[in-house]
Amino acid sequence: ISLGLVGSEMCIRDRLKNEFLYVISYELRTPLTTITGFADLLRAGVAGDLSERQGEYLDDILSAGGAFIALVDDIIDVAAIEAGRAPLERTPTSAADAVAKAASDAAERIAPQPLNIAPNVQYGLTLDADAERLCQIFTRLIMVAGRYARDGDAVVVTAKGDGEWAILTVTTGNIDSVSYTHLTLPTTPYV
């Protein structure tokens, strides 16, 4: 077996995997959107008044459904990027803004679990990155770290740069935790 043939087969398998993820993600999203849509209608009282307990159940359905839809959207985005359907749009991106938005999104998605986020971002740090994708990455990392954090632990999001590269880390205050992620991104565009 030649290396060219193996490489070609790997490319085909990778493409098929990405196409499968892309299609199955849409197949998951459609019924989820329907479920949350009907739950929204019920919560709005379209079918009549609800008891307090029924309202709480609908709030739980809407919260879980929204989190699941966001996860499916992330899978769709990753599959689209890997399949070459969604090119990255790199622009100067404020690290502080990306971390703030990600912290807000992560806290919303992980609710009602409390999430103590401690940003530690170098003042004025700008990254050469796709702002939306960077926020998605930070959001997912913060959520994972939040799941490993013990009560009272903070999820520390650090972003520091040297003018050419930035190092981004997400950790918990729990030294026994495996929740540590380190990313390196350019602060200036490639030429």
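**Figure 1. Asp 130 and its backbone contacts.** The backbone nitrogen of Glu 132 sits 3.1 Å from a polar atom of the Asp 130 side chain. The backbone nitrogen of Glu 89 lies 2.8 Å from a polar atom of that side chain. A polar contact is a pair of N or O atoms within 3.5 Å; within protein, one must be able to donate a hydrogen and the other to accept it, and residues adjacent in sequence count only if both atoms are side-chain atoms. The model is predicted: local features need pLDDT of at least 70, side-chain atom pairs count only at pLDDT 80 or more, and totals for chains, interfaces and linings use all residues. Residues are numbered from 1 along each chain as its sequence is written, and side-chain values use heavy atoms, with hydrogens and water left out. Asp 130 belongs to the loop between strand 3 and helix 4. Helices (H or I, at least four residues) and strands (E, at least two) are DSSP runs, numbered from the N terminus. Not counting residues up to four places away in sequence, Asp 130 touches Pro 87, Leu 88, Glu 89 and Arg 90. Contact here means heavy atoms within 4.5 Å.

Figure 2. Asp 130 is buried but has no salt bridge. Buried means under 20% relative accessible area, exposed over 50%, and partly exposed in between (1.4 Å probe, protein chains only). A salt bridge is a side-chain nitrogen of Lys or Arg within 4 Å of a carboxyl oxygen of Asp or Glu. The nearest side chain of opposite charge is Arg 133, 4.5 Å away. Lys and Arg count as positive, Asp and Glu as negative; His and the chain ends are not counted. Arg 133 instead meets the side chain of Glu 132 in a salt bridge, at 3.6 Å from N to O. Arg 133 is buried, at 14% relative accessible area. Glu 132 is exposed, at 52%.

**Figure 3. The salt bridge between Arg 90 and Asp 128.** The closest N and O atoms of Arg 90 and Asp 128 are 2.5 Å apart. This pair links distant parts of the chain, 38 residues apart: Arg 90 is in the loop between helix 2 and strand 1 (91-94), and Asp 128 is in strand 3. Arg 90 is partly exposed, with a relative accessible area of 37%. Asp 128 is buried, at 8%. Leu 134, in helix 4, is buried at 3%.

**Figure 4. Helix 2 and its partners.** The structure holds four salt bridges. One of them joins Asp 59 to Arg 43, with the closest N and O atoms 2.7 Å apart. Asp 59 is in helix 2 and Arg 43 in helix 1 (residues 3-43), 16 residues apart. Asp 59 is partly exposed at 36% relative accessibility. Arg 43 is partly exposed at 38%. Ala 70 also lies in helix 2 (residues 52-82). Ala 70 is buried, at 12%. The C-alpha atoms of Ala 70 and Arg 109 are 8.3 Å apart, and the two residues are 39 apart in sequence.

**Figure 5. The largest nonpolar core.** A nonpolar core is a set of buried Ala, Val, Leu, Ile, Met, Phe, Trp, Tyr and Cys residues joined through side-chain atoms within 4.5 Å. The largest has 25 residues, of which Leu 127, Phe 138, Ile 142, Val 157 and Val 170 touch the most other members. Helix 3 (95-110), strand 3 (126-129), helix 4 (131-148), strand 4 (155-161) and strand 5 (165-172) each supply at least two residues. Phe 138 touches Ala 98, Val 99, Ala 102, Val 157, Leu 168 and Val 170, not counting residues up to four places away in sequence.

Figure 6. Two strands pair if DSSP finds at least two bridges between them. Thr 158 has Thr 169 of strand 5 as its bridge partner. Three residues stand between the strands, and Gly 163 takes a positive phi near 100 degrees. Six of the eight residues of strand 5 are buried, so this strand is largely enclosed by the rest of the structure.
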